[in-house]
Amino acid sequence: MRLKKSAVLPVVFIIITGLSVMLICTKSSPFYPLNDWTDANCYMTVGRAMTEGKMPYRDLFEHKGPFIYIIHAAGAIISGDSFFGIFIFETIACIFFLWLSSGLFLKITNNRSLWAVPVIAMTVYSSYAFCHGDSAEEFCLPLILGTLILGLDAAEQEKTVSCVKSFFMGVLTGIILWTKFNLLGFFAGAFAVIAVLSRKNGIAPILRMTVFIVLGICAVSLPVILFFAAEKSFGSLIEVYFYDNIFVYGGEKTSPLRNLADGCSFTLKFMPIGSAVILSGISAAFFKGMTKYAVYGSASLFTAFLGTFAGHLSYRYYPLVLGAFVPFFAAAIIPVSSKIKARAIAPASLVLSLAAAFFLSPNTYLMRYKKNQMPQYRFAKLINETKSPTLLNYGFLDGGFYFASGIIPDQRYFCRNNTGLTDMTKSQLQCVENGIPDYIVTRSASGEHPKFPLYDCIAEDEFSYDDKIFHYFLFRRKNLYKSP
């Protein structure tokens, strides 16, 4: 049976849009020499280590959820010396997100409004919150939007979600749970609104919905638990991923009110266009009488905001999770112009949105550099003069030097991350004092480097990172000689 042209064209258009915006906006793209984001390199280092039998948390200390490392292990299998594998997964996530957005527009406006799809892509993926690319927030965008869509009919019809949809809501939330659990905040608001609006039908349907959601979460969680238990690292998973993230991560302890105020500031500063779309969409939804839609979305947005920002002060990429609400509330604005022919303006919208993305994205500056201009590859050339070298990324988050040199770390605390554990600092210092790694790489904003008695500084370089100039230093152990 031949597919209708009208069914194929939206799919093709969305795929082209997703691929194009990812080629421009993520540093994992083939257009970039390297994704130099420290977080992305932490994930890639752990993912590469998994392909050689090492386990997250137990063997390498890193505090994101296991699904992030599974994605990067798969990405490393696809391409071990580039971020191309991650680029593929980012593109798939983007296309899924845009497809869900278009489906939501169809549901609300009776029109896929394809012209709006590139605008949504530009708004979310060229924002300053999309710094570097390859974040947990980015991969969770389609999961959050998909969960919201699954519960939307129930909220509008004042009934509970069907058993099948509840199960799939559980599956999506389960994946988020094991990716970055504080991104689950949105689910509290969505579930609460559905439960309150459907309470007239009695408690039994709410309990049934809850049971199937839990079953979906269990369907995702059980393989994760069994895998880590079989590898004798389940205790490390619980300690690092849950305990340390809840009670240790973030350094300075600040009040929830200050944290939320910081979150507001970061959201408006780093996702201004998305914030304008969300606020306009909420207002439009109430004005047009879409009250249940507005309440459902607003409650989910509010609890998402609480879960993301209440715990500690913000990082620039935190507001990206709210990008899931950009298409959700844009659907309330789109009906004003939904009669415009998609074929007439969709291609123009794509071209203009991609041009805007190129100029708005905080990442595109890196396109003009080649690998041999990056400190990571310059140092890697020196490091690999030694046969089977060992390396320690000292005192800062993984700068991509393991990746560029192809080295799998042999130390659990292979870099210093934001948990700031005393054991981490002590372990790294002991490694240096005992001359364990062949090479050490460190960085400084001031241009001054620490003194390591057992090591010589053999190279230094400087490069822009997050709008700052950092100085990088490579040390080699004094008794280490080049291999013949």
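Visitor: At what angle do the axes of helix H6 and helix H7 cross?

Guide: An axis is a line fitted to C-alpha atoms, for helices over the stretch in contact, and angles run from 0 to 180 degrees between N-to-C directions. In this predicted model, where local features need pLDDT of at least 70, side-chain atom pairs count only at pLDDT 80 or more, and totals for chains, interfaces and linings use all residues, the axes of H6 (residues 136–157) and H7 (residues 163–177) cross at roughly 155° and come within 9 Å. That makes H6 roughly antiparallel to H7; angles under 35 degrees count as roughly parallel, over 145 as roughly antiparallel, 65 to 115 as roughly perpendicular and the rest as oblique. Residues are numbered from 1 along each chain as its sequence is written, and side-chain values use heavy atoms, with hydrogens and water left out. The helices (H or I, at least four residues) and strands (E, at least two) are DSSP runs, numbered from the N terminus.

Visitor: Is the crossing of H6 and H7 left-handed or right-handed?

Guide: A crossing is left-handed if the near helix is turned anticlockwise from the far one by less than a right angle, and right-handed if clockwise. H6 and H7 make a left-handed crossing.

Visitor: Which residues in H6 and H7 meet?

Guide: Contact means heavy atoms within 4.5 Å. On the H6 side are Cys140, Leu143, Ile144, Gly146, Thr147, Leu150, Gly151 and Asp153, and they meet Lys165, Phe168, Met169, Leu172, Thr173, Ile175 and Ile176 in H7. By class, this contact of H6 with H7 has nine nonpolar, four polar and two charged residues. Here Ala, Val, Leu, Ile, Met, Phe, Trp, Tyr, Cys and Pro count as nonpolar, Asp, Glu, Lys and Arg as charged, and the others, Gly among them, as polar.

Visitor: How do the axes of helix H4 and helix H5 cross?

Guide: H4 (residues 84–109) and H5 (residues 116–125) have axes that come within 10 Å and cross at roughly 130°. The two helices are therefore oblique to each other, and H4 passes H5 in a right-handed crossing. Cys94, Phe97, Leu98, Ser101, Ser102 and Phe105 in H4 are in contact with Ala116, Val117, Ile120, Ala121, Val124 and Tyr125 in H5. The contact of H4 with H5 has ten nonpolar, two polar and no charged residues.

Visitor: At what angle do the axes of helix H8 and H13 cross?

Guide: The axes of H8 (residues 185–197) and H13 cross at roughly 145° and come within 6 Å. H8 passes H13 in a right-handed crossing. From H8, the contact involves Gly185, Phe186, Ala188, Gly189, Ala190, Val193 and Ile194; from H13, Val295, Tyr296, Ala299, Ser300, Thr303 and Ala304. Its class composition is nine nonpolar, four polar and no charged residues.

Visitor: What is the volume of the largest pocket?

Guide: Rolling a probe the size of a water molecule over the atoms shows where empty space is left. On a 1 Å grid over the protein atoms alone, a cavity is a set of points where a 1.4 Å probe fits but cannot get out; a pocket is an open set with protein on both sides within 12 Å along at least five of seven lines, and lining residues have an atom within 4 Å of a point. Grid points are joined across faces, edges and corners, and a volume is the space filled by probe spheres set on the points. The largest pocket has a volume of about 510 Å³. Of its 23 lining residues, Thr38, Tyr315, Leu397, Tyr465 and Asp466 are the closest to its centre. Helix H2 (38–50), helix H11 (256–270) and strand S4 (468–477) each supply at least two residues of this lining, which by class has ten nonpolar, six polar and seven charged residues.

Visitor: Which residues lie nearest the centre of the second largest pocket?

Guide: They are Asn182, Asn245, Ile246, Tyr249 and His312, out of 18 lining residues. Helix H10 (234–247) and helix H13 (291–309) are the elements that give two or more residues to this lining, and H10 gives the most, with three. The second largest pocket holds about 380 Å³ of space, and its lining has six nonpolar, eight polar and four charged residues.

Visitor: How many cavities of 30 Å³ or more are there?

Guide: The count comes to three. The largest cavity has a volume of about 70 Å³, and the residues that line it include Asp36, Arg443 and Tyr472. Strand S3 (455–465) and helix H16 (375–383) each give two or more residues to the lining of the largest cavity, with the largest share, three residues, from S3. The second largest cavity has a volume of about 40 Å³ and is lined by Asp39, Cys42, Tyr43, Glu62, His63, Lys64, Leu397 and Asn418.
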